[in-house]
2 protein chains.
Amino acid sequence: MTELETYFPHSRKVYITGSRPDIRVPFREIELAHTLNEDGTQKEFNAPVRVYDTSGPQTDGPLPALRADWIAERENLTQLEHARAGTITPEMEFIAIREKTEPEIVRDEIAAGRAVIPANRCHPECEPMIIGRKFRTKINANIGNSALGSSIEKELEKMRWSVIWGADTVMDLSTGEQIHETREAILRHCPTPIGTVPIYQALQKVGGEIGDLTWESYRETLIEQAEQGVDYFTIHAGVLQKHIPLANQRLTGIVSRGGSIMAQWMKTHNCESFLYTHFEEICEIMREYDITFSLGDGLRPGCLADANDDAQFGELKTLGELTQIAWKHGCQVMIEGPGHVPMHKIKENMDRQLEDCFEAPFYTLGPLVTDLAAGYDHMNSAIGGALIGWYGCSMLCYVTPKEHLGLPNRDDVREGVVAHKIAAHAADLAKGIPGAQDRDNAISKARFDFRWEDQFNLCFDPERARRFREESLPPGEQHNVKQ
Amino acid sequence: MTELETYFPHSRKVYITGSRPDIRVPFREIELAHTLNEDGTQKEFNAPVRVYDTSGPQTDGPLPALRADWIAERENLTQLEHARAGTITPEMEFIAIREKTEPEIVRDEIAAGRAVIPANRCHPECEPMIIGRKFRTKINANIGNSALGSSIEKELEKMRWSVIWGADTVMDLSTGEQIHETREAILRHCPTPIGTVPIYQALQKVGGEIGDLTWESYRETLIEQAEQGVDYFTIHAGVLQKHIPLANQRLTGIVSRGGSIMAQWMKTHNCESFLYTHFEEICEIMREYDITFSLGDGLRPGCLADANDDAQFGELKTLGELTQIAWKHGCQVMIEGPGHVPMHKIKENMDRQLEDCFEAPFYTLGPLVTDLAAGYDHMNSAIGGALIGWYGCSMLCYVTPKEHLGLPNRDDVREGVVAHKIAAHAADLAKGIPGAQDRDNAISKARFDFRWEDQFNLCFDPERARRFREESLPPGEQHNVKQ
């Protein structure tokens, strides 16, 4: 039995085929019981519910290279360039089926820069997906080893665990041993796009000495990761010398790791960030592989007191300039966002991002709506995430209960993913994504009918719902809950 | 060591005395370490942080009757009547100190019906608190036994556990054995107001036969509970015969237990609800004891599909009519609200409630922003709760991870309370309650200083934060986290 079958009973994978036989789009279909009359006869048939599925082929081995032919057959353009040229790529068609919309809408959103398809031409295993505010709100899960240890097998398990629970992309933030090998294993086994923060590995290559970082060593790291197939890179190219005095006035300074590395580098060398001065060369590399920019918010606020300040919005303006340069090169771009922001200041973040970055998709961490929720920051983040998703954010980076405290374990990953699935779905309902409420309606009907099995199977975590129900029944009645 | 000391190290109870020595208002003061220079010398003194405290005297025995003299000294008027007459009661002064505001503001909000002080004259043990949108957003925790069992000792423990984590009021929803004795024990030991739904006990008295409910038996139950000292009653007097056809069109019908009892009674007898036809007599009883009405939303939506429908808003109009009748009698009133509501429909709930119920305080369950979150409904509810609190809701009823599944255990109560503390605090920050951000700023400074102990002690659940930090460190470093 696969983990998917263990945790999602009465679900099965189904595929819809597109205009060519190798466009096979996965869904998870949840089988439902009939509604019964009081005498036990069938009153009504309840159609199975098909849901968006990120879990991939559920195999232990390397994944099939489903995009290999598509990539081989065509000119090496980015999805943005194809879209601008009026071409609907197989990836776009795949996504249209997945999102239950028209391929032309997908192409149009990509062409306008309002959405991205993170899909490195060296990552053919990746099931195409889209990040943009006209589509389902996505979530990202972070994994990765640290100096405190882990193993390739453990990271693979975390990756598989994340996508089973519904992560739409996975970021490998490894900073420990075997960074290259860990990433290679993840890329060959992961059905979703993979993101990284290349400065982490670049720093490791120079022995952790920030002052020793150079454009050349960074460039080498970019190409190494590009060749492996990383689909999007977080690049903190918007942190400039002029922003640092603004951040010095803050309560918690610079909390982004990438941001503080670059600030330290600029102070040491007393010159502008090499990520900024070499930005066009970075674009050329990114274009070659069709790697999506995730322009990092190195000056994101680390506490409520620093939210929406001049440092943060100053950097955002720079990210907008960089967006236009990247677009000129044919590169796809998304923008990373905060951080810690009280609820009444969230909308300004979304509105300014859309304006300053010309509607490039927004990808936020939280926001966390209070600073006081250590141990419960996944809930804290889900509140802010639901709000900013409703306002137009395209992807939420998950936060786990261990945020601010340590690295998440398996249970934390599950809690973090599910909390943000709830937030993202709440956002989809609020912004009126067509069909978003169908599954809610199906579970509500099951609730009204007392179809307990269907209630469990339709929710985000059937195994937990069933277990909680069992726990709270007296021993004699627990068999009623079992399947 | 008390449980408070166990779970909140470096905290101590402090009291501020008002204009008379028996007005002693509790706070929890969190002691902080100094900010140090690099050489370990003191750089800066960090003042202790005082937070609102619901935990009561932390004693095993019955609580002192702190309001006994205040009640004995004065004419038997309700807080509303006193406020209208221009009197600032000791309760109002206590609350002003507790909320860090002026007594005149408290009096004015009470006089206008925009806030309530649930404090039965037979519950002198209760530490005065206020529910109204100019003040800190409050949360309620539900406890109570069921036919599946429990014991008085277990319910007392749940009550104490709830108030330690920050419940501002506790509802005893017992439906099992020893209802009277359980409630008596809770009332004599609880430092917060206690609410009940008297129809539950009234139904138990007639052997669970809804058709056998009568005004007389209900009235007897009201007086029994009033004499014991219950501070607010949920009364579903707004469910009328004319609303039932509206609810029949719904996906999940009537999900409120009180609402469905009354609907069934009206169908059985084919006449109007006795709660509505005898409403003025109920007011007379409530006035006598100064019990606050919590006008129940018997037609709250049980799923997204039923949110904001004619049944729900029809009942809300009736609750507005009843509010004016209760106010005419000098009774305090709050209004209960949904339920399951998608984010974009929450604001309409708040706006209509303020308009239709003349700004009487709103007390909502959630709202839950999706139907799919069984096992995680506390997070689901925290999203909707944070939003409606920001929009003006005065109290959030907690939801635990067991919602829709079973009765909460001790861990579920803690998770549910903390999730809603986060939501309520997020709302206070967003609506700009003066000083709400002070504690956030203190924890952020501690974070910037790497004062780990202070980070733990300032957050909502220090024990969990500390434990999570320890778990994620390698064994050799764990002693650094210990106190």
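Predicted model: local features only at pLDDT ≥ 70, side-chain atom pairs only at ≥ 80, totals over all residues.

The same surface serves both copies, since 100% of the contact residues of chain B recur in chain A, contact meaning heavy atoms within 4.5 Å.

To the contact, chain B gives 67 residues and chain A gives 67 residues. Between them an area of about 5,700 Å² is buried, 70% of it from carbon and sulfur atoms, where buried area is the accessible area (1.4 Å probe) that two parts lose on being put together, summed over both. In chain B, the residues losing the most area to chain A are L372(B), Y376(B) and L405(B), together 14% of what that side buries.

Turning to the helices, α8 (residues 198-205) and α11 (residues 257-269), both of chain A, pack at an angle of about 50° with their axes 10 Å apart; helices here are DSSP runs of H or I, at least four residues, numbered from the N terminus, and axes are lines fitted to C-alpha atoms over the stretch in contact, with angles from 0 to 180 degrees between N-to-C directions. α8(A) and α11(A) are therefore oblique to each other, as angles under 35 degrees count as roughly parallel, over 145 as roughly antiparallel, 65 to 115 as roughly perpendicular and the rest as oblique. I199(A), Y200(A) and L203(A) of α8(A) meet R257(A), G258(A), I261(A) and M262(A) of α11(A).

On conventions, residues are numbered from 1 along each chain as its sequence is written, and chains are lettered from A and ligands numbered from 1 in the order in which they are written. Local features need pLDDT of at least 70, side-chain atom pairs count only at pLDDT 80 or more, and totals for chains, interfaces and linings use all residues, while side-chain values use heavy atoms, with hydrogens and water left out.

Note on methods:
Helix = DSSP H or I, 4+ residues; strand = E, 2+ residues; numbered from the N terminus.
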